[in-house]
Amino acid sequence: MSAMKIKKGDTVKVIAGKDKGKDGKVLAVNVKDNTVVVENVNMVSKHSKPSVANQNGGIITKEAPLHISNVMLVVDGKTTRVGFKMDGDKKVRVAKASGKVID
């Protein structure tokens, strides 16, 4: 399995789908399904029964996962593809647009 090009905490821009053009911070990455959860993007309504954690129940809105191919990393306010290179004996992510080391 190859390394993921987008990690938790990165700022990304949605490039496809109903939320195209929105920016947000990555909250979670699922390597197995190749999906990411982005803050305030792809919001869905979920009906929940009353429980100990949520006394009232009702309709809650939360972020749903997006496929990783539908988001693009933002570096210095500009979307960019991501590559890898060896920095000494350490593998680092590199922005293709600027050549800057991301990690």
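Strands β1 and β2 (residues 23–30) run antiparallel and are joined by 3 bridges. This pairing is read from a predicted model. Thr-11 has Lys-25 of β2 as its bridge partner. Val-12 stands opposite Gly-24 in β2.

From β2, move on to β3. These two strands also pair in the antiparallel sense, over 4 bridges. Ala-28 is bridged to Val-37 in β3. The strands β2 and β3 form a hairpin with 4 residues between them. There Asn-34 takes a positive phi near 55°.

Next comes the nonpolar core. In soluble globular proteins, nonpolar side chains tend to be buried together. Here the largest nonpolar core has 15 residues. Those with the most contacts inside it are Ile-6, Val-12, Val-36, Val-38, Leu-66, Ile-68 and Val-71. Three strands, β1 (11–14), β3 (35–38) and β7 (71–75), each supply at least two residues of this core. The most comes from β7, with 3 residues.

Setting aside residues up to four places away in sequence, Ile-68 touches Met-4, Ile-6, Asn-34, Thr-35 and Val-36. Among these partners is Asn-34, the residue with positive phi in the hairpin of β2 and β3.

Is Thr-80 buried or exposed? Thr-80 counts as buried, because its relative accessibility is 4%, and the cut-off for buried is under 20%. Its side chain makes two polar contacts with backbone nitrogens. One is to Lys-96, at 3.2 Å. The other is to Ala-97, where the backbone nitrogen lies 3.0 Å from a polar atom of the Thr-80 side chain. Beyond residues up to four places away in sequence, Thr-80 touches Met-72, Leu-73, Val-75, Ala-95, Lys-96 and Ala-97.

Another hairpin is formed by β9 and β10. Strand β9 (residues 82–87) and strand β10 (residues 90–95) run antiparallel, joined by 6 bridges. Met-86 stands opposite Lys-91 in β10. The hairpin has 2 residues between its strands. In the turn, Gly-88 has a positive phi of about 75°.

Finally, look at the loop between β1 and β2, where Lys-18 is found. Lys-18 counts as exposed, because its relative accessibility is 62%, and the cut-off for exposed is over 50%. Which residues does Lys-18 contact, leaving aside its neighbours within four places in sequence? They are Asn-42 and Met-43. The Lys-18 side chain reaches the backbone oxygen of Met-43 at 3.5 Å. Arg-93 lies 75 residues from Lys-18 along the chain, and their C-alpha atoms are separated by 29 Å.

Methods
Residues are numbered from 1 along each chain as its sequence is written. This is a predicted model: local features need pLDDT of at least 70, side-chain atom pairs count only at pLDDT 80 or more; totals for chains, interfaces and linings use all residues. Side-chain values use heavy atoms; hydrogens and water are left out. A nonpolar core is a set of buried Ala, Val, Leu, Ile, Met, Phe, Trp, Tyr and Cys residues joined through side-chain atoms within 4.5 Å. Buried means under 20% relative accessible area, exposed over 50%, partly exposed in between (1.4 Å probe, protein chains only). Contact means heavy atoms within 4.5 Å. A polar contact is a pair of N or O atoms within 3.5 Å; within protein, one must be able to donate a hydrogen and the other to accept it, and residues adjacent in sequence count only if both atoms are side-chain atoms. Two strands pair if DSSP finds at least two bridges between them.
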